[in-house]
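Please look at how the two chains of this model meet, and then at one part of the surface. The report below takes these two topics in turn.

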Amino acid sequence: MTERITKNMARNIYFGGSIFAILVFVGLTFDTVQQVPKLSNDDKITESVARGKNLWEVNNCVGCHTIMGEGAYYAPELANVFDRRGMKNEVAFKAFLQGWMAAQPLQEPGRRKMPQFNLSESQVNDIADFLIWTSRIDDNEWPPNIEG
Amino acid sequence: MKYSSQMVAKPYFIFALILLAGEILFGLIMGTQYIAGDFLFPEIPFNVARMVHTNLLIVLILFGFMGATFYLVPEESERELWSPLLAKITFWVFAAAGVATILGYLFVPYATLAEITMNELLPTMGREFLEQPTITKIGIVIVVLAFILNVGMTVLKGRKTVITVVLLTGLVGLAVFFLFAFYVPENLVMDKFFWWYVVHLWVEGVWELILGAILSFVLIKVTGVDREHIDKWLYLIIAMTLVSGIVGTGHHYFFIGTPDYWLWIGSIASAVEPLPFFLMILYAFSMAKQRRIDHDNKMALTWAKGTAVMAFLGAGVWGFLHTLAPINFYTHGTQLTAAHGHLAFFGAYIMILFTIISYAMPIMRGRPHGNGPKAQAVELKSFWMMVIGMLGLTAALTVAGFIQVSLQRLPDVGALSFMATQDEIVSVYKVRLAFGILVLAGLFTYFYSFFVKEETA
Ligand code: HEM
Ligand code: HEM
Ligand SMILES: [Fe+2]
């Protein structure tokens, strides 16, 4: 099959094809960047949400958990933990998360362990705000059910 | 070996292999923690082991790519390397920065590491695969720039071949896309969107150019097939790579808050991504068939063919398995993702390193015809141990993924929780661990093949 293709043809397919693909991708990137603020409720990113995201990062939570399906597969999905554990009630969720973070690591032999991060009450509230904001992103109805 | 400066590749190869042993060791630690949650806790929590595992993987591949480049560019360019001294300095700076970062992960709590490296000045830490402190990231940029300068000058001043131009394109792309690692917006969706510019556009974009170039170099050397032919194949493969792979980034934009047209565009474009990997199989096997010389280093060709087949399985077949949006809806972020990640990384980027190392190391050690038959027999054994080990590990994770999807994701009512589902899968994780041990044993067998003595007649 390759006998009919010359080296020059192959090179032209390479250059032409790549440039076409790059143009399409750049165009779609521009459109996506325009649409993301609305899909993600960018205007609802408070200082607390931003601090929460930073705490999520500097404690490497994504080293065990997924968030919108990305991360590690050792511990539960957290983009919808507000729905799952807080029943979509902000006060209830914050109370839950304070208790949860303080109780780690759970003393159950053999169970996978989550470390103790020694976070302050306001830090835990920031993380809660970040997770609440995340749970409201329009992510095409993922995950399939509440278990994540 | 035609040029003495090719020798700078040697420490890069040796260090890459050592890091691979470390990587697999931490994989086995995590594999054990999947079964016994208390293992090494709190000394090495899972997330720390995982950072060490994946960061060693990336760094070792970079070392391997650099070694491969330093070996093949002088020979292709028909001149000595622009600056062998700079190549040696780059090695030591990169090795020191890499070791310091890994030790930081292991001995300092991650939040403390962020603090002492002043992450708040330019926060880039704490994202999967890009966990390195910001100063390490800056160090990587400097090392890569010095490296590209060195290689670029050599290529520019010497004979330009399709192989070196494609290789250099891949390396420049690697550097450019890494810059997105410094962009960490407050909006998680934007963060994720551009995070894939590093991760996806590396492994399914520019790294494939590097892979194709290294594979082509070894195929020319061990088959003696003429260059016109090689060049044509290389162009075709990388054309298909970029045409499908760039827009194929969309297969990560299904469920992270990006517009829903990605469901279609990502599915269609990425469905074509297996094609370049399939072409690689045709390429390797038809070059082997049309070979004009019978090189005594049989193992180099074995690794080359193995790379093509295993990359197609890991990236092409296991990638296709979950790349269509309606399927990915159920499999996204499950053990199936891990199954694919393992076979793809191993088949494509670890095996290509074995290919070039197995070709180049004997030459650098004064054996232009490759290792003797006894050493090659040991090496062949190590080849099969590692390949079977990784296939078994992948098969186990695939079964784990299916169980996870059917218990946790598919049921509308009565779905098991994540943790309860994991408890159901423990026996499969034991199988995974056993195959992982086989991989490490295979790697040690490979190391041993370097020390096999031949009887001299
Ligand atoms: C052979 C023994 C190995 C074992 C037991 C092992 C185990 C693991 C485990 C438990 C994880 C974490 C999964 C999670 O987040 O829950 C992981 C992640 C990963 N490992 Fe390995 N590993 C091994 C070898 C390798 C090798 C040889 C490679 C590459 C060639 C590799 C590449 C990766 C990658 C890319 C990830 C991240 C996967 C993702 O995010 O989807 N591993 N490994
Ligand atoms: C050598 C090339 C490739 C490598 C090294 C590779 C590696 C990986 C890794 C490590 C991940 C997990 C990322 C994470 O942690 O979130 C991933 C995800 C994914 N890959 Fe690949 N991949 C390759 C090629 C492909 C190809 C060719 C396809 C499609 C045909 C593909 C389809 C996917 C999909 C759909 C996901 C997302 C899985 C999910 O939703 O959880 N990959 N890949
Ligand atoms: Fe991808």
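## Where the chains meet

Between them, chain B and chain A bury about 6600 Å², of which 65% is on carbon and sulfur atoms; buried area here is the accessible area (1.4 Å probe) that two parts lose on being put together, summed over both. In chain B, the residues that lose the most area to chain A are B:L188, B:K232 and B:Y235, together 9% of what that side buries. The contact (heavy atoms within 4.5 Å) takes 86 residues from chain B and 71 residues from chain A.

This is a predicted model, in which local features need pLDDT of at least 70 and side-chain atom pairs count only at pLDDT 80 or more, while totals for chains, interfaces and linings use all residues. Residues are numbered from 1 along each chain as its sequence is written, chains are lettered from A in the order in which they are written, and side-chain values use heavy atoms, with hydrogens and water left out.

## Salt bridges

Between chain B and chain A there are 5 salt bridges, each being a side-chain nitrogen of Lys or Arg within 4 Å of a carboxyl oxygen of Asp or Glu. B:K192 forms a salt bridge with A:E70, and their closest N and O atoms are 3.1 Å apart.

B:F278 lies in helix α10 of chain B, residues 274-289, where helices are DSSP runs (H or I, at least four residues) numbered from the N terminus. B:F278 counts as partly exposed because its relative accessibility is 38%, a value between the cut-offs for buried (under 20%) and exposed (over 50%), with a 1.4 Å probe and protein chains only.

Technical notes. Helices (H or I, at least four residues) and strands (E, at least two) are DSSP runs, numbered from the N terminus.
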